[in-house]
Amino acid sequence: MSDYALLARQLETLLDTRDWLTNAAQTCAFLKHEITDLNWAGFYLQRQPRTLILGPFQGLPACNPIAFDKGVCGAAATTRRTQRVADVHAFPGHIACDAASRSELVVPIVHDGELWGVLDLDSPRPERFSEDDQRGIERLVDIFIAASDLSTPSVTG
């Protein structure tokens, strides 16, 4: 079990710039290194209407783009609610970017009332993410949002 209070303090210290791109890259590397049993950690950004575009990540090459009506990331983007999936193979419309992924946690990132993107965490272990993990990761996303100038990327078209 991760010590999310400690991880929150560490992330606050790590994110020492307002640049969202730098902070997103740092957050991905931090999460991939500090959270056990992850095979992918990254951001998808809403840079086109109802479409998520791959942003900074750690792990194998990823699917891109992702429409809002596809997969766990699309569900988080559409509902603006965290999606915690114990078995991705049982999730309708799951996108299999990495066949090793078995569970997933996706947290929407909302800024000024608009969906900016999502943070996506994948694990090769079924039922990897607990309610405590969800709360802890949501807190880390709040730290990323507070530390970053999210005025870009913007939806075009």
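The largest cavity is lined by 18 residues. Ile95, Cys97, Glu104, Asp120 and Asp122 lie nearest its centre. Lining here means an atom within 4 Å of a cavity point, and a cavity is a set of points on a 1 Å grid over the protein atoms alone where a 1.4 Å probe fits but cannot get out.

Which elements give two or more residues to that lining? Strand 1 (40-48), helix 3 (71-79) and strand 6 (114-123). Helix 3 gives the most, with 3 residues. Helices are DSSP runs of H or I, at least four residues, and strands are runs of E, at least two, numbered from the N terminus.

The volume is about 190 Å³, counted as the space filled by probe spheres set on the points.

A word on the source. This is a predicted model: local features need pLDDT of at least 70, side-chain atom pairs need 80 or more, and totals for chains, interfaces and linings use all residues. Residues are numbered from 1 along each chain as its sequence is written, and side-chain values use heavy atoms, with hydrogens and water left out.

Now helix 1, residues 4-14. Its buried residues are Tyr4, Leu7, Ala8 and Leu11. Buried means under 20% relative accessible area, with a 1.4 Å probe and protein chains only. These four sit on the same side of helix 1, because they cover an arc of only 105° around the axis, taken from the directions from the axis to the C-beta atoms. Helix 2 (20-34) and helix 4 (131-147) are among what covers them.

How values were computed. 1 Å grid on protein atoms, 1.4 Å probe; cavity = no way out; pocket = protein on both sides within 12 Å on 5 of 7 lines; lining within 4 Å. Buried < 20%, exposed > 50% of the residue type's maximum accessible area, 1.4 Å probe, protein only. Contact = heavy atoms within 4.5 Å.
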